[in-house]
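Hi,

Here is the structure I promised to pass on.

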Amino acid sequence: MVTVTARSAAELPDARQEVVRAIKATRSIRMRPAYGAEAAVFAAGLPVGYNPLVT
């Protein structure tokens with residue numbers, strides 16, 4: 001999970017582009033946006049032992 005903080009909404013597109021550039025530079029990390037599922041992604045990133053991939 002990657003989070004970005006910007007000082008204003010106008011800076012968000014630049015912040016997103018920087019994250020995309022950083023991910024492409026690694027060539028081994030696959031990521032995708034969590035549009036509409038922000039709460040679930042946030043919960044999955046918490047270190048409380050919840051893993052959505054383990055049944």
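Below is what turned up, going from the whole chain to the details.

A word on the ground rules: this is a predicted model, where local features need pLDDT of at least 70, side-chain atom pairs count only at pLDDT 80 or more, and totals for chains, interfaces and linings use all residues. Residues are numbered from 1 along each chain as its sequence is written, and side-chain values use heavy atoms, with hydrogens and water left out.

The chain has two helices and zero strands (DSSP runs numbered from the N terminus, H or I of at least four residues for helices, E of at least two for strands). Of its 55 residues, 4% are buried (buried is under 20% relative accessible area, exposed over 50%, partly exposed in between, with a 1.4 Å probe and protein chains only). The accessible surface is about 5200 Å², and carbon and sulfur atoms hold 58% of that (Shrake-Rupley method, 1.4 Å probe).

Helix H1 covers residues 12-26, 15 residues in total, and spans 22 Å from first C-alpha to last, close to the expected 21 Å (1.5 Å times one less than the number of residues). Glutamate 18 is partly exposed, at 46% relative accessible area. The count of salt bridges comes to one.

Most residues other than glycine have a negative phi. Arginine 27 lies in the loop between H1 and H2 and counts as exposed, at 78% relative accessibility.

Then there is the largest pocket, with about 990 Å³ of space (a pocket is an open set of points on a 1 Å grid where a 1.4 Å probe fits, with protein on both sides within 12 Å along at least five of seven lines; lining residues have an atom within 4 Å of a point; the volume is the space filled by probe spheres set on the points). Which residues lie nearest its centre? They are Val2, Met31, Arg32, Pro33 and Ala34, out of 20 lining residues. H1 gives the largest share of the lining, seven residues, and helix H2 (38-45) supplies at least two.

Cheers

Note on methods: Salt bridge = Lys/Arg side-chain N within 4 Å of Asp/Glu carboxyl O.
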